[in-house]
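These are my notebook entries on one protein. I set down what I looked up, entry by entry.

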Amino acid sequence: MPADPLHRAGKPQRSTTSLPPSGSGASAIEVRRSARRRRTVSAYREGDRTVVLIPARMSEAEEQRWVTVMLDKLAAQESKRVLGDAELTERAARLSDQYFDGRARPTSVRWVTNQNTRWGSCTPAEGSIRLSHRLQGMPEYVVDYVLVHELAHLLVPGHGPRFWRLLEAYPRTERARGYLEGVVAAARLPHLPVGRDE
């Protein structure tokens, strides 16, 4: 009689779920340990969850290190992917549902190339949102922050206390603002001439 395939691999697979590090972009992380897996670590997104596959023998400290490494790798891969206008509109709808109970409903969301001094803009009377093409390739949480910011303008047109209270719902607001401030500061730095090796 052949051996049970579940017992052939030794220890059974173990799975743990935890909250992600702040700013990672996922709502939960599921770590799946496998006795079959010897050296490799991999990860993928499954809805709002990130699944990280690791060898069963890995220590808790190694697990934490690899989860961080894999989250960074996934974020880097995702930041290279450019969303089209249709995907941007779908993303805005999801963010509105998640942070504003679906109350912010834009009529259009699209990329534009004529915004070089701002990251996004909103015309509440028309319900239109435009994002600067300069955001393309930035991490998803940054693009999401700008979308949430503009969605909030559909509910509160100005930048008063009510507006900023709405933005408190988005957990990566400070991190995204810091990222964008860093981009602006880096653009202002003088470009030093590159010397030739002689």
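I began with pLDDT, which is the predictor's confidence in each residue, from 0 to 100. I also noted that helices (H or I, at least four residues) and strands (E, at least two) are DSSP runs, numbered from the N terminus.

**Basis.** The model is predicted: local features need pLDDT of at least 70 and side-chain atom pairs 80 or more, while totals for chains, interfaces and linings use all residues. Residues are numbered from 1 along each chain as its sequence is written, and side-chain values use heavy atoms, without hydrogens and water.

**Confidence.** I found a mean pLDDT of 81 for the protein, with 79% of the residues at 70 or above. Over residues 1-13 the pLDDT is below 50.

**Sheet.** I looked up an open sheet of three strands in the order E5-E7-E6, with mixed pairing; two strands pair if DSSP finds at least two bridges between them. Strand E5 (108-112) and strand E6 (120-123) are the edge strands, each pairing on one side only. E5 and strand E7 (residues 128-132) pair in the parallel sense over five bridges. Ser 108 has Ser 128 in E7 as its bridge partner.

**Helix H4.** I noted that H4 packs on the sheet and touches E5, E6 and E7; contact means heavy atoms within 4.5 Å. Of its 16 residues, 14 are buried, that is, under 20% relative accessible area (1.4 Å probe, protein chains only). At 1.5 Å a residue, the 16 residues of H4 (residues 140-155) should span 22 Å, and the end C-alpha atoms are 23 Å apart, which agrees. The expected span is 1.5 Å times one less than the number of residues.

Terms used: Buried < 20%, exposed > 50% of the residue type's maximum accessible area, 1.4 Å probe, protein only. Axes fitted to C-alpha atoms, helices over the stretch in contact; angles between N-to-C directions.
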